[in-house]
Every structure is written in structure tokens, then in C-alpha cells.
Amino acid sequence: MTDTLISADGLTLHYGRRIAVDNVSLAVAKGEVLGLLGPNGAGKSTTLQMLCGVLPPDRGHIEIAGFDLLRAPRQAKRQIGFLPEIPPVYGNATVTEYLTFCAGLRGLPRARWREAVGATSERCGLSAVGQRLIRNLSKGFQQRVGIAQAIIHEPAVVVLDEPTVGLDPGQVRAVRDLIAELRSDHAIILSTHILGEVSASCDRVTILCAGRIVYSGVLGAGGTRWSLRLGTAIDLAQLLKIHGIADASILEPGHYAITLDSADTDTAAIASSIISNGWRLLAWQPGDDALEQLFLSATADADAQERAA
Amino acid sequence: MIGLLARQEFSNAIRSPLAWVLFAALQLIFAFIFFSLLEVFRQTSPQLVAAGLMHGVTEPVVAGSFTLLTFVLLLVVPLLTMRVLAEERRDRTLVLLLSAPVTPLDIVLGKFLGIMGVIAIPLALAALMPLMLLAGGSLDFGLYLCALAGLLLAAMFFCAVGVCISAMTASPALAAVATAFVLLLSWLANWRTMENAGDSTLELLSWARQLEPFWQGLFSTAACAWFIITSLLALALAAWWLNGGRGAMR
């Protein structure tokens, strides 16, 4: 965490008397992708809008590439690229005109507009449609234009709000590849409610529910989170005796979320110890499934608290 | 940055058919007003000369037609300014501007200057029309320039009010109606004071009253200041509103 490019501390925002975002803090370093998960209406978009300077928070502090967003907004905003939920494109401009406007708006010097528009169009696969009006493009291409405007000025921080909504599987793949390519020299925050998206692209995940962070943790690239389903009910203590398992929790009867000692742990060895213990092994797999359970249990807890309150 | 925003607004506006329909309508209406006044002048000038009331063609025809043109602008300007910010809010493109390294005041000024550029097109055509009188006589250029200044100040004030109201809503139609309503109300403030002479508080609110010296060939610095101050206030209010009511400068 030496190279933190964006950090937010204690963000709080009210809409009237309703609290939309409650004391949310997060930090993302260069080369890192943070996934922001949460059910609809959890405050994901509101949080992202605050991070990008669109909505001023009621309370809290945001720092982007060393600049305080509220005290030095110009310098801080220069370092942000933001793709909102609905791509902010002007339908009656051509792709090239629009991107040229964005290059200027984001503070690139005029001499670099042409080159930046060319390079970004190339990168986002827009070169062939440069002269088309944006309103005549398909949803997928409009989304690409939206991504292009977010990265045209090489910002330190790229914030993408549901970048793959409404795209076909091929386009989703292309967006994932683009994120993978961007991560090397940017900090990326990605909001989504597609869990597969998070396990495919993100290093860490933060789950929001009803405006609060209900979970925040690492998703190892090799995956230290595994999902285990057994046909025999056993105690957690028994599971923890197995060599290589650092932590375990019950998601539902017979379904366990396992944290491995490290990403290199021999998972086949764990499977054979489970079998040799005589437990009926139904499933033993990395990531996804466990993430889904994690998501459901984290948000269900928050819901229960909400109702109790 | 303001220049970039202004250019974007200008090119966006003149791409819509609405702007061209309004230009055409404005030109047609102004031509009708102008030639009607000219015809009235042609018929009545012998009597005016005889009565010693004749001051030339400029005041009744040129200043007269510009006066009427401001009332046409009162209906046209809201239709041009309605979309500047309300449409951006409705289409969720405002986020692009708000997340960019520009202040809300930059955004508002850019939009305002862009839309002033648009309205300048029909006004330039209207300003040219009186010059054709030079073919058959002479013009009082002092009066002509004064009336033109009045027309421009009125257009500026209307645009500023329009941009301000457009910043407050996500509905362009509502912005247009509200702008026309506010401008109409501000004009009516003048009416009431005509009945109650001496009531200068309301008079202060009327753009039509502020314009009166310009139609008589007086370049009133006080009235000029009134237009500039009210316009700046409207634009500052718009910037404040864009920023969620938290200051206009950042």
C-alpha cells in the first residue's frame, strides 16, 4: 500500500433525512482493482459520485493522487476518469468530436488532443466509428465511448460504475481485457452487482449495504478463498485441523467458506484429506461460489440489523 | 476552459433544428414589425412634420421595432436556454462536466456565453435591417447604437435568467415555462408602477423600465449596471445550485 492513489475517509451523505452513504472509507493503490459490490440502492453509485467530485459529501475526506478533492478540486479532478452508470455522451456529436471535447475538458493541452483521441479510439476499438454520430451507435459502442472519455487523459484513478451492464459476452470480455491492461499504471474502482465480474477483475472487494460497508477483504489472484460443500455435517473445528486451511466459516449447512494459508496451498491435498476423513465431498472450488455466499450473508446481516433498528 | 465549454454549447445548439426554426421565426416576425412601423411612419410623417414633432425615422421605426423585438425575445430566449443545463441533467451528461477539472462557475459561464453566441446570430440580422434605410435617407447613429445596446443588454439578461432556471431542473420544458414566467413577471412590475407613480421598489425589478432610456437614445450607465449585476447574480445562483448549494467556485 505504498502507492495509494485514491483514499476516502468517513464519507457520509444524506438525501433529505435518509442517509444514503454512512461513514464509508476506502483506499486503492496503483496497480490495484477494487470491486465495489452491493445490492441495488446500496449507495454504490452515490459513493462513486462523491469520489469523482460530482456530489460533495456531507462529511468526510477524499484524497486523489495527493490532492484533496474538496480543497484543490481542479488538481484532484485532473487525476480522475469517471464512467457513470449511464455513459455521459452527447448523441448529436461524432465520436471524434466528443472525445476531442473530453480531452480539452479533462485538461489536456491542445497540442495533445489529436494524438490522445487517436490513441484512445484505437485502445477502445472506436477507430472505425470515429465519424459516426454517437446516438446512432449500439449500446456496446456507446459504452466504449464512455470508457474512452474516462481514460483519454491518462488519469491516476479510473472509476467505472457498472461498466459491463447491457453488453454482450464478447463485449464484456473486451472490457475485462481493457481493465486488465489499465491496471498496471492506474488505480481502478469498479462497481458492479455481477459477482463474476469481481472475481474476474478485482484484487479486493468492498461490499456495501444500505450505505454502510458490510465487508471488505482481499480476493487473492490465485484465490485463497475456496468454497466447500459436504454431504456430511461436521464441526468447523474439525475442518480447521486440516493442514492448509487457515480459516473456515459456515455459509449454510453443508456449505463452508474456506480461507487457505496461501494462494500456493495444495488444494488437491486438502481434498484428499477431506475424503480420507470419510466426509462426503460434493464440491470443492475456488472463489465465485464463496463470494456469492459472502455477499448474501453480508447483505442479509445488514438487512436484519436494519429491520431490528 | 470556459471557451471550450462555450464552443461546445454553441455547436450543440446550432445543430438542433429548434434553433433554426427559432431563427427563421424571429427574422420573419422582426421583418413584419419593422416594415409595419415603417409604413406607419410613412403615412404619419407629413402630419408630424406639420406639427413640428418630427425627429426623423430612427426613434419611431428603429427604436420602436427593437422595443417590440425584446418582447419577442422574451418568448424565444427561454426556448433556447431551456436545454442548456436541464437537458444535461436529464440525460445524465452533467456528470461529465461535474467530474471534470472545471468549477461550476466555469460551466455556467461557458453555457451562458455559448447561448449568447447563438442568440447573437438573429440579433445581428435584426441589427442589419435598419441599415437599409440608409438607401433612402439618414439614420441617427447615436440612437441606433443606444437602442442596439439596450437590445443586447436585454438579451443578456434573458439568457442569464434562462441559464439560471435551466440549472435548477431536469426538465427543459419546465425551465422554458418558468423562464418565460419570471421574465413576464419582471416586465409586469413595470405596469404596476405606472399606475402608482413613485413606487420605485417594484420599478427596480422591471427590465422593461430599465430599458426605457436606451430607446430614447440615452446610454444609461445605471441601467447598464442593473443588467450586468442582475445577470451576474443569476449566473452565480446557477453555479451555486449546480454545486448542490455548496458554493460556486469549486
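Two strands pair if DSSP finds at least two bridges between them; strands (E, at least two residues) and helices (H or I, at least four residues) are DSSP runs, numbered from the N terminus. This is a predicted model, in which local features need pLDDT of at least 70 and side-chain atom pairs count only at pLDDT 80 or more, while totals for chains, interfaces and linings use all residues. Residues are numbered from 1 along each chain as its sequence is written, chains are lettered from A and ligands numbered from 1 in the order in which they are written, and side-chain values use heavy atoms, with hydrogens and water left out.

**Exercise 1. Describe the open sheet of four strands in chain A and the helix that packs on it.**

Step 1. The strand order is S2-S1-S4-S5 (chain A), and the pairing is antiparallel.

Step 2. Strands S2 (18-29) and S5 (67-68) of chain A are at the edges; each has a single partner strand, so one side of each lacks a neighbour in the sheet.

Step 3. Five bridges join strand S1 (residues 4-15) to strand S4 (residues 59-64) of chain A in the antiparallel sense. Within this pair, A:Ser7 has A:Glu63 in S4(A) as its bridge partner.

Step 4. Helix H1 (residues 44-51) of chain A packs on the sheet and touches S1, S2 and S4 of chain A; contact means heavy atoms within 4.5 Å. The direction of H1(A) makes about 120° with that of S1(A). Axes are lines fitted to C-alpha atoms, for helices over the stretch in contact, and angles run from 0 to 180 degrees between N-to-C directions.

**Exercise 2. Describe the open sheet of six strands in chain A.**

Step 1. Its order is S6-S7-S8-S3-S9-S10 (chain A), with mixed pairing. Strand S6 (80-83) and strand S10 (212-218) of chain A are the edge strands, each pairing on one side only. From one strand to the next, the twist averages 15°.

Step 2. Strand S3 (residues 33-37) and strand S8 (residues 187-192) of chain A are parallel partners over five bridges. Here A:Gly35 is opposite A:Leu190 in S8(A).

Step 3. H1(A) lies across strands of chain A including S3, S7 (157-161) and S9 (204-209), and runs at about 155° to S8(A).

**Exercise 3. Characterise the interface of chain A and chain B.**

Step 1. Chain A contributes 30 residues to the contact and chain B 24 residues. The buried area is about 2,500 Å², with 59% from carbon and sulfur atoms; this is the accessible area (1.4 Å probe) that two parts lose on being put together, summed over both. A:Arg74, A:Tyr90 and A:Leu105 supply 27% of the area that chain A buries against chain B, more than any other three residues.

Step 2. Two salt bridges cross the interface, a salt bridge being a side-chain nitrogen of Lys or Arg within 4 Å of a carboxyl oxygen of Asp or Glu. A:Arg74 and B:Asp106 form a salt bridge through their side chains (2.7 Å, N to O).

Step 3. Helix H2 (73-78) and helix H3 (95-105) of chain A each supply at least two residues of the side of chain A that touches chain B. The largest share, six residues, comes from H3(A).
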